[in-house]
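Please examine the sequence and the three-dimensional structure shown here before reading on.

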Amino acid sequence: MLSNRATRDVETLIHPFTHLARFRETGPLILERGEGVWVYDGDGKPYIEGMAGLWCTALGYSNAELVEAAREQMARLPFTHLFSGRSHDPAIELAERLKEIAPVPVSKIFFCCSGSEANDTQVKLVWYMNNALGRPQKKKIIAQLRGYHGVTIASASLTGLPANHADFDLPIPNILHAPCPHHYRFAEIGESEEDFSARLAAELENLILREGPDTVAAFIAEPIMGAGGAIVPPAGYFPAVQAVLDKYDVLFIADEIICGFGRLGTWFGSEQLAMRPDTISFAKAVTSGYLPLGGVMIPEPMYQVMLDQSRKIGTFGHGFTYSGHPVSCAVGLKALEIYRRDRIFVGVQAKAPHFQERLSALAEHPLVGEARGVGLIGGLEIVADKTTKRSFDPKAGVAPACVGFAQEEGLIVRALGGDRIAVCPPLVIAPHEIDELFDRLGRALDHTQDWVRREGLWR
Ligand SMILES: Cc1ncc(COP(=O)(O)O)c(C=O)c1O
């Protein structure tokens with residue numbers, strides 16, 4: 001029986017990424033407030049936010065400085081835009097800071113409001129640039145199976161997950177998908193991580209050659225795949241891929257929307273994964289998720305092409321009303337200041353070994369096939385048979401059931417396709433809270449094991 005408030009929700013909202021039919025029975029989890037890594041529901045029950053919201057609230061909840069930065073900017077100038085050469089200090093200063101911390105040379109920052117908009121912008125910039133360079137056939141963009149890049153038409157096309165394509169008439173033309181770099185699932189028996197990386201790079205090269213290198217414009221990848229399953233690529237993957245991209249003049253777009261701003265212990269995930277991208281998409285933790293903000297880091301050669309094109313055809317015809325919203329930028333500036341001043345990423349580096357140890361230990365659980373991560377992100381895969389890696393029938397919903405048991409234990413984690421569960425807490429999590437998180441997740445796995453037995457799923 002749903003509460004009155006839950007019924008009002010069910011009758012009024014479409015929830016993103018929700019099983020609409022099942023939701024009518026389960027109803028929503030309504031949260032009312034947060035403090036540090038904790039969030040509280042309407043009954044005052046505390047939960048560890050083990051997903052930092054949606055991989056975004058890096059500085060935790062109720063950060064008074066972020067709130068004050070927003071309030072001050074709201075009071076001074078709540079809105080102005082960047083169209084037609086208008087500007088404001090928060091956008092200028094934030095762009096300057098972002099250029100300073102970028103892991104590769106960056107010429108300009110284009111602001112938008114979300115990760116999807118950032119990746120849509122990447123697609124448009126690649127097409128625009130190649131038209132301007134007089135090579136209109138060089139338009140194809142290669143993404144990865146199980147990569148996640150958003151849900152707008154172009155970014156959903158880049159996304160390599162069936163649920164984001166089926167019945168939406170996606171992907172659009174000119175988007176291709178390379179194999180998923182998940183060693184546990186897709187390596188051949190006895191294949192080392194390095195050999196698997198070399199094979200994937202060779203497959204990427206074959207794909208480019210089959211399509212014609214003069215038609216392939218760009219490759220996009222996340223350092224660690226997030227929504228595709230919190231998947232760590234095999235050793236040597238990005239250097240092997242990079243060599244192929246360099247050989248065929250294929251631009252490398254890093255989707256740093258989850259890994260940017262400290263998740264792996266450095267400003268960007270590219271630094272940890274030996275990636276050398278030409279351009280970077282960012283969002284989420286740039287404001288610690290407190291306000292919507294995303295963007296694209298544009299390299300000098302691309303900017304020069306855009307400049308020349310503008311001399312020829314006039315206005316650069318792209319941008320959003322809320323590109324560089326002053327309040328979002330003010331909060332972004334404050335978040336960056338706190339990351340640096342409070343040495344938040346040094347803290348991540350210090351806490352990561354313990355976090356990863358507790359995560360890896362879950363691989364001992366009878367239901368867990370793989371448990372792996374980097375920094376303060378990790379994924380585990382639930383399997384029916386650890387020896388053969390056989391999965392449960394996806395319809396049984398074993399990972400979602402585990403997430404339900406975790407919720408009962410006062411822990412928020414997320415079920416992803418392939419019976420994977422992601423863990424991605426705020427970066428400010430304390431060591432004892434890491435223990436509390438994994439204790440609760442361990443108990444949730446035990447409850448799942450009992451449930452699997454009761455339901456007769458374990459045969
Ligand atoms: C790696 C990655 N790229 C893009 C996006 C899309 O961002 P948004 O939901 O802000 O559009 C996400 C969202 O989770 C993401 O994780």
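The paragraphs below turn to the surroundings of the ligand and then to one helix.

The structure is a predicted model. The residues around the ligand are Ser114, Gly115, Ser116, Asn119, Tyr148, His149, Gly150, Glu222, Asp255, Ile257, Ile258 and Lys284. Helix H6, which spans residues 115-132, supplies the largest share of the shell, namely three residues.

At serine 116, a polar side-chain atom is placed 2.5 Å from an oxygen atom of the ligand. Glycine 115 takes part through its backbone, where a polar atom is 2.9 Å from an oxygen atom of the ligand. For tyrosine 148, a backbone N or O atom lies 3.4 Å from a nitrogen atom of the ligand. Taken alone, the ligand exposes 390 Å², and the protein buries 83% of that area.

Attention may now pass to helix H12, which covers residues 300-313 and has 14 residues. From its first C-alpha to its last, H12 reaches 20 Å, close to the 20 Å expected at 1.5 Å a residue. Within H12, the residues Met302, Val305, Met306 and Gln309 are buried. Why do the buried residues of H12 line one face of the helix? Seen down the axis of H12, they fall within an arc of 100°, and they therefore line one face.

Methods. Residues are numbered from 1 along each chain as its sequence is written. This is a predicted model: local features need pLDDT of at least 70, side-chain atom pairs count only at pLDDT 80 or more; totals for chains, interfaces and linings use all residues. Side-chain values use heavy atoms; hydrogens and water are left out. A residue is near a molecule or strand if one of its heavy atoms lies within 4 Å of it. A polar contact is a pair of N or O atoms within 3.5 Å; within protein, one must be able to donate a hydrogen and the other to accept it, and residues adjacent in sequence count only if both atoms are side-chain atoms. Accessible areas come from the Shrake-Rupley method with a 1.4 Å probe; for residues, only the protein chains shown count as cover. Helices (H or I, at least four residues) and strands (E, at least two) are DSSP runs, numbered from the N terminus. The expected span of a helix is 1.5 Å times one less than its number of residues. Buried means under 20% relative accessible area, exposed over 50%, partly exposed in between (1.4 Å probe, protein chains only). The arc is that of the directions from the helix axis to the C-beta atoms.
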